[in-house]
Structure formats: structure tokens, C-alpha cells
Amino acid sequence: MNELSPVSGAARRAGDAATRTTCPYCGVGCGVLAAPDGYGGAAIEGDKDHPSNFGRLCSKGSALGETLALETRQLFPLLDGARCGWDAALDHVASGFSRIVERHGPKAVAFYLSGQLLTEDYYVANKLMKGFIGSANVDTNSRLCMSSSVAGHKRAFGSDTVPGCYEDLDEADLYVLVGSNAAWCHPILHQRMTRAMDARGGKLVNVDPRRTATSEAAALQLSVRPGEDGALFSGLLVHLADAGRLDRAFIDAHTQGFEAALARAREIAPSAAATAARTSLAEADVARFFEMWAGTERVVTLYSQGVNQSAQGVDKVNAILNCHLATGRIGRPGMGPFSLTGQPNAMGGREVGGLANQLAAHMGFSPPEIDRVRRFWSAPNMAREEGLTATSMFDAIARGEVRALWVMGTNPAVSLPRADHAREALRRLELFVVSENVASNDTLGARPHVVFPAAGWGEKDGTVTNSERRISRQRAFLPPPGEVRADWRAICGVARRMGFSGFDYSSPAEIFAEHAALSAFENDGTRDFDLSGLVGLAAQDYDRMAPAQWPLPAGEPAGRKRFFSEGGFFTAGGRANFVAIAPPRLPEATSEQFPLLLNTGRVRDQWHTMTRTGLSQRLGGHMSEPTLLVNPADADRFALRDGGLARVSSAHGSAVFRVKATTAQDEGDIFAPIHWSDETASAARAGALVHAFVDPVSKQPDSKATPATMTPVSFARAGFVLSRRRTPLPRDSYWAWEAIEGGYAARVEVDGADGFWLAALRALAPEDAELVSFSDATRGVFRAALVSDGRLTAAMFLGPAPNETRWGVMREAFAAERLDGAARRLMLSGRGLSGAPDLGPNVCACFGVPHGAILAAVADGCRDPAAIGARLKAGTNCGSCIPEMKRMIAAFQPEPAAA
Ligand SMILES: Nc1nc2c(c(=O)[nH]1)N[C@H]1C(S)=C(S)[C@@H](COP(=O)(O)OP(=O)(O)OC[C@H]3O[C@@H](n4cnc5c(=O)[nH]c(N)nc54)[C@H](O)[C@@H]3O)O[C@H]1N2
Ligand SMILES: Nc1nc2c(c(=O)[nH]1)N[C@H]1C(S)=C(S)[C@@H](COP(=O)(O)OP(=O)(O)OC[C@H]3O[C@@H](n4cnc5c(=O)[nH]c(N)nc54)[C@H](O)[C@@H]3O)O[C@H]1N2
Ligand code: SF4
Ligand SMILES: [Mo]
């Protein structure tokens, strides 16, 4: 039994009601103190005692309190769209699954899960499908996220093991970020690296086809040709060998396959010059990178979706691992390969076997392991072979082979490649079940037969595991609203109704205890994932459990920080495998019809499909529209206007984005954000464009390089809509909702008559709302506001495009509790109630500091983020906006200071 330190007094700092929990967003896994405010929200603070963040939170974590309101939540079960009780919903799902299994076999049913579920939810879902229903058709959005890392780890180490820990970031002298925009996507780790660089004088190299916020901190930016990372690291391996930088002792004692891997690397990238030619980098930059990497013992190579989401993602991972193995730079302080995990529980999902090719507790589909799990569970129908992976699962649904699907904690109608196809497939299901927090998203738009209202963050209890294998508790601090229930309860309810025993848990603590026991079952050090020190964990110890890194073997209460410094790999002979990778090649070339490569990814202040971050006004302002990044030469070539609209099309679909011309993009490459859906924008689903090529080993889709083209889009009039509610506007126009104080604003571009838009506006307000309007047909100006009980409920301003009025002019009117007669006349003047100028989008989300205010401070002599912070507070909380402020300062000065 481990010594688990109880929650210390510090957790109570935010008041006696503060609960110590974990952020539900990225895989950094920051500790959070949450104190309910009594009105359904909560005061949020970073937990100073949590070893992932030591009190810091990024913009998304800091804004968690703004995402807890209940207006958008699904609060009761639905059966065929109508409210029903839990029993009826559970009965329907259980009998439906049983019937379909009986008629069509267990392969006709599937679960599609999420790295945002808690370990306990995940564990029971996986147990039900793989042990009791008898199919391995359980896959997860982690297939789209981490599966290339999992497969790369397994090929090299024999197990899915992250060898290092966050402390390595404090102790490294070189960080190589590959396909990771950590400044925006793992901000607290990024800040940890920049602080360590300040302290130790270390350097950062950023390998990404585009310049990102992460490039700001980089001593060297390598804008690698998309897909060519394997060539870069092959070149590095060759350099390490030729420059005498190999750790021969480590290679000889602990690895196999080096010569073949090196020979292949030589074929791919025999020299710095050859590497430069393949990767379209300058030879001097390549040589400098090789020297930096070879000459710095304490190097951490961190990688994320630019590596994983690739048709050769697993080879990219192994090309990186090869270099660390060849130098023995693994599992020692300050060095090693580091896969940055995306979701809060990407790792927990891997631990319970959430992927269709895994079994629980890091076991696989080998006969002895299948049998071991079967015996442990007393499973009546143990799956014998791997199941369908995400994209093949949806193809099987489209073909009618999978007839029942339960989606939990993910929004596949937006996030899968060929998302339109995926959404259509859902409509074919005989039984379609969704467990969701929200009442409306694109997946729910495909009309599930049953909807389970899931408890959300703050309402559910369990554990998550972060990128460094650290298990932390998520604890409830709000009462479950309406009839919501934790996901594990819904799963166990269905399992029991299907007649299965083994699902009578009364708490997540019991599930966790079983999970720990399975990790220990017949393990004896043969499997990396080992929680034997937690076997028999009592409920009160689970409740008080402090964040702990696995492995947690019995007798090692502190866990283990690192793996493999002395070998000890989990392969048959204990040696790590070098992998001879295939020569890099994009899965699909550009063509005359689709001459551009579409890259997709994340922006700083939104989380995936925006079901939560889209509700926060602090977060809405950073990028208020789906913005396409385009090189200025491409903008010219395709007749796009910077600030205008473009339709991007691929062979699979199309979407409309706001254009931003920037030299951060290379010519030929365009970048679209993944966050907007049919809930939040007229037509900006990036996933609809993405092709469905997958890595041959991991089956992870390539979401970063789809051939595409673009054309300008224009409408006669432009302006904005304001509303207290966020409902879709007519689609034959352009709009994108942004959360603002008191409601939502949409920048719009439209055709159509005033009357048509007035009707659309009316739909946003109560029927008896009073209309105030102004129209000047000769100039195409139309302004209308709806006032209900003296308060502005909805408004629309239209004028001739491309010049438009922004919603900022209505800020005060929208914030006002009552509008008197004078204010009603003034508000339609287009100059606002006080005539104050609109300062543009927020740069600092934490303190709501807009672009205009920061520019004014820079103009007034503030020439570093600290000076701006001293004046405006901007950047003094989470620091996520510091790269952006630096950019504004650099752009302001005629001679940009060296970074
Ligand atoms: N703000 C925010 N943070 C998040 C999330 C979020 O939604 N919003 N989601 C979380 C999740 S689930 C994940 S998985 C992570 C993802 O975190 P990241 O992987 O950092 O995010 P992405 O923007 O998907 O992609 C990273 C970079 O890969 C680059 N890239 C594209 N193609 C290539 C290539 O061929 N080679 C290289 N070297 N780079 C390439 C892209 O240009 C992009 O800048 O973020 C997590 N954190
Ligand atoms: N083109 C392109 N596509 C991508 C990516 C990309 O870079 N490019 N990235 C991929 C990656 S890495 C990821 S991780 C995915 C993310 O994509 P998704 O997982 O589809 O995105 P989310 O918006 O996080 O969806 C989570 C859903 O679960 C709900 N939810 C939240 N918490 C809970 C809970 O506790 N229980 C239940 N039942 N529901 C809950 C939320 O309301 C939301 O609707 O997107 C993938 N798709
Ligand atoms: S870095 Fe931000 S999003 Fe990620 S866990 Fe920490 S606070 Fe949450
Ligand atoms: Mo992800």
C-alpha cells in the first residue's frame, strides 16, 4: 500500500469550499482548485501543490469557471428525440445491443469513445465490449490523436511507454519540438521550457512547416516540407554516426537493428545536403540543427500532431526514437523523446486498452494475454481479435455492417476525416446512442435514437493520466444538475440489463481498484503499466489520492520517474528495436485541380469543437472567426483579399473561412483551424475537407496534408448579429458566433433582402420583443434591434461589403440592463452609446485586454511584455499571450530586436 499524501491545507485557500481537481483540457494535466460560487459557476485557481503546473494555468484553464453554465447542457435522457426516464433509455439501449448481437453477431456493434473520458468510464466501457459483448469494436478519438505514438513506442520499446517526465524539461539544454505548437497547445509546458531556457541558457528548435507562436521562442525554426520529418531525423542519425556521436555501449548492450536502420537512413538522407534537399530547408540550418542535437547531451525531442497525424506517423516517431536510442539519451535527467499527449486522459485510455487493437492494462491480442484478461474478468465472451479502428468503423457503419454505435465524449461528425461522410454514416445506424454533456452539437444533429445526459467536469469523479504518466484525481465540486449521471453509471446500467455480472460497482473507487488489480495480475515486472502498489486502495484513500506517476509497483510508493536508462525494454529479449523507416512520401500529391496542401490544427483559446470554450467570452476574443492562414503570394494567385472570405475545397468537401495573409505560411501550404462546426459557423468544418489516408501501422488519419484549392467568396453586405442565445443563422451566408459578455456576437456577410434578415433576427428573440430599426436602401444599410423588457436581446447591423461596422459599437448597449428611449435611438447610430472606438479582439484573455489597448501601450513606449503587463496587466496571469505581445512589439519597431 502506498503512502498517499492527503489533500493539504493549501487546497482550501480559495475558501473552505475549494476542491482540488484536474483541468479537463490538455494532456499537461494541470491541478486546479475550484470553489463553487453558489450560482452554478466556480472560482478557479491553479493548484500550487500540483507537480504538473505548480499553480499556473493557461488561458483555457483560467476560464473554466465561464464554461459551467447549464443553458447549453443536456439534462435528461432522450428516446427518439423525446424526454424519457433513465430506465427507459437504458432498457432501450440494452435490448437494442442484445438484439443486434443476437441477429448479426458481436461485430455488428461498436463503441466510439474519447480521451476525455475518465479512466473509470473508459475501463468499464472497454470491459463490457471486449469481455462481455465479445467484440473489440471499441475505438476512440485517440486514434486520431495518439495512436502513432503508441505504435511507435511499441515497435521500439515493446510497450507503450513514455520514458521521461516533466522534470526533464527543467533540466534540458536543448528542446526540439516536432509538429507541436506547444505555445498554444501545451502552454504550461511551453512556459516551463522557456523558464528553464532563461535559467540554463538552453535553446529551442521548432520543426513545423509553418511559423507558429512556438517559433517565437526558437533559436532555430525549421519550416520542414510537410511529411518530411522522417528524412530530417534520418539525416540526423547519419550525422550522429558519421560524427562519432553514437553511444556504442548503449547500442550494443540494450538495442537491436541499428545497422539496418542506419543503412536505411543513409538511403533516405545520406548527408546534410541531401536532407536539406528533401526537406526544403537551407543546408546551413540543417547542419546547425545536426550540430546542436549531436553536441547537446541533454536534449528532449517533443512531438505532437505534426508527427502523429500523418500517413507515416509511426515512422516519424521511430525516426525520432532511433536518434535517442543511438545516443543512449533516454530515461536520464534532461533528455529523451517525449510524446506530448493531447487530451486530458489520452494516457488513461491507453492504460485501459481503449483502442481496438489493445487489451486492458497494456496487454495485447496475444493468446496468453487474451486468456489472462479473460480469467481476471471471468469474461464470458472474450474478444479474440482486434476490432475496427475509427475510420474503418465509420466505413463499416456506412456499409451497414456495424448497426449499433454508442458515441461517448467525442464529436465525430466534426472531428473525423471526411466529416460529412461520417455524419451521413451515423444516419444509417439501426441503434445510435450518444452520451453527451451538451444538448446540441453536430453529432447530435445526426439524430441519435438515445441520448444519455452525461455528468460534466466538476460533476464527476475519477482519474486521468497526463503526458508524464501522472495519475491525478478529477473531483466533483458541483452537484449533478438535472438527471445527469457519470458515464460509467450509464455503461454499467446497460451491461447489467444485458444480463452481465461484473458491473455492480457503486463508486469510481471500486472501478479504479479493479483496474489497479488487473495491472498487477500476473505481471511480475513483465508489463510497464503496473499499479500493484495501489491494489486494495480504500475508498477514502482514493478520494485523497495525490497525483502520482506510474509505474507504482508494490514497495515503490514514490513511483518511478523514468524508464530505460539501463535498458530493460519490454521486448522479448529486453532490447529496444531500431526501426528502418520507409522513405517519406505524402499519401496524396497535389494536382492541377487541388494545387495546395491543407494543414489543420488548433488555435490558442479554443478546445476542439468549442462545446465548452465556445461559451467563454474571455476565450472568444482571441480568434473570433474560423481563420485560414495563407501565404500572401497564394492569396494573390487565388484572387483572395486579406480579410476577405475564401471557400476551400478538397475532393471530400468544402468550407468557408476568413482569410489572413501571412508569411508564416509557406507558399502552397494553407492552415485551417479545426474548432468551428455547424453550431458555431455557417460552413467552417475543416474535418469535412480532410482525406481519409491512415498510417499503415497505427491507422491514425493524416489530418495535416490534404490536397485542396480555394476561391474567393463575397457577399453584398457585411456586419454583425448580437444575440443572447447562440442558434445557427441561415446557411447561405457567412457567420461565425463568438462568446461575448452577456451573449454572442457573429460577424456576418450576407446577400438577401432586409425582410429576410429581419425574420432571421426575430427568431433569436422572444416573439413579443419590440423592434427598433433603421434602413437606408440607397446605401444598403440596415440596422435592427429587438428589445425585450427594456433589455436588448438581439441586434443586426448590415452595410455594404467589404466595409462593415463591428459589434464593438454595441458593447455598452448589449451590456446595459435597460435601454431608455435616447439610448435606443443612439444605439443604431453606428457609433455606440458613448462614441468610444472598438479596440478589436482580446489579446490577453485573462484580463480582457484588447489589441488596440496593447498597441497604444507599445506606441507609448512599452517595449517588452513585462512593461505592458505592468501597465495593463496583460500577460501577467497565464502568460499564453506573451508570444503574441512580443510579435506586436517586434512588428511595431522598425528594427525588430533579436529574439
Ligand atoms: N488550445 C488548444 N490546445 C489543445 C487542444 C485544443 O483543441 N486547443 N487540443 C489538445 C489535443 S487533443 C491535442 S492532440 C494537442 C495537439 O497539439 P499540437 O500537435 O501542438 O497541435 P496542432 O495544431 O494539431 O498541430 C501542431 C503542428 O503540427 C504542424 N504540422 C503539420 N504538418 C506537419 C509536418 O508534416 N511536420 C511537422 N513537423 N509539423 C507539421 C502544424 O503546422 C501545427 O502547427 O493539443 C492539445 N491542446
Ligand atoms: N482535421 C483535423 N481533425 C482532427 C484533428 C486535427 O488536428 N485536424 N485532431 C484530432 C484530435 S487530436 C482530437 S483529440 C479530436 C478531438 O475531437 P472531438 O473529441 O470530437 O472534440 P471535442 O469537442 O473535444 O468533443 C468532445 C465531446 O464530448 C463532450 N464531453 C465532454 N466531456 C464529456 C464527458 O465527460 N462525458 C461525455 N459523455 N461527453 C463529454 C463535449 O461536449 C463534446 O461534444 O479531433 C481530431 N480531429
Ligand atoms: S496547459 Fe492549460 S489546458 Fe492544459 S491542462 Fe494546463 S490549464 Fe488545462
Ligand atoms: Mo488530440
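**Entry 1: Terms and model**

I began with burial: a residue is buried under 20% relative accessible area, exposed over 50%, and partly exposed in between, using a 1.4 Å probe and protein chains only. I noted that this is a predicted model, in which local features need pLDDT of at least 70, side-chain atom pairs count only at pLDDT 80 or more, and totals for chains, interfaces and linings use all residues. Residues are numbered from 1 along each chain as its sequence is written, chains are lettered from A and ligands numbered from 1 in the order in which they are written, and side-chain values use heavy atoms, with hydrogens and water left out.

**Entry 2: Phe563**

I looked up Phe563 and found that it counts as buried because its relative accessibility is 6%. Phe563 sits in the loop between β19 (548-549) and β20 (576-577). For such labels, helices (H or I, at least four residues) and strands (E, at least two) are DSSP runs, numbered from the N terminus.

I then listed its contacts, meaning heavy atoms within 4.5 Å. Leaving aside neighbours within four places in sequence, Phe563 touches residues including Thr161, Ile330, Arg469, Asp528, Trp550 and Phe570. I also checked Ala769: its C-alpha is 65 Å from that of Phe563, and the two are 206 residues apart in sequence.

**Entry 3: Aromatic pairs**

I next turned to rings. A pair of aromatic rings is described by the distance of the centres and the angle of the planes. Rings of Phe, Tyr and Trp (its six-membered ring) pair if their centres lie within 6.5 Å; planes under 30 degrees apart count as stacked, over 60 as edge-to-face and the rest as tilted.

The structure holds 27 aromatic pairs. In one of them, Phe157 and Phe564 are tilted, with 4.9 Å centre to centre and 50° between the planes. This pair links distant parts of the chain, 407 residues apart: Phe157 is in helix α4 (residues 147-157) and Phe564 in the loop between β19 and β20. Phe157 counts as buried at 0% relative accessibility, and Phe564 is buried at 4%.

I recorded a second pair, Phe529 and Trp550, which is edge-to-face because the ring centres are 5.0 Å apart and the planes are at 90°. Phe529 lies in the loop between α21 (508-520) and α22 (539-544) and Trp550 in the loop between β19 and β20, so the pair ties together parts 21 residues apart in sequence. Phe529 and Trp550 are both buried. Ring pairs join Phe157, Phe250, Phe529, Trp550, Phe563, Phe564, Phe569 and Phe570 into a cluster.

**Entry 4: Strands**

I recalled that strands of a sheet pair through backbone hydrogen bonds, either parallel or antiparallel. Two strands pair here if DSSP finds at least two bridges between them.

I found an open sheet of three strands in the order β17-β18-β19, with antiparallel pairing. Its edge strands are β17 (462-465) and β19, each pairing on one side only. Four bridges join β17 to β18 (residues 470-474), and Thr463 stands opposite Arg473 in β18.

Elsewhere, β12 (residues 299-303) and β13 pair in the parallel sense over four bridges, with Tyr303 opposite Ser339 in β13.
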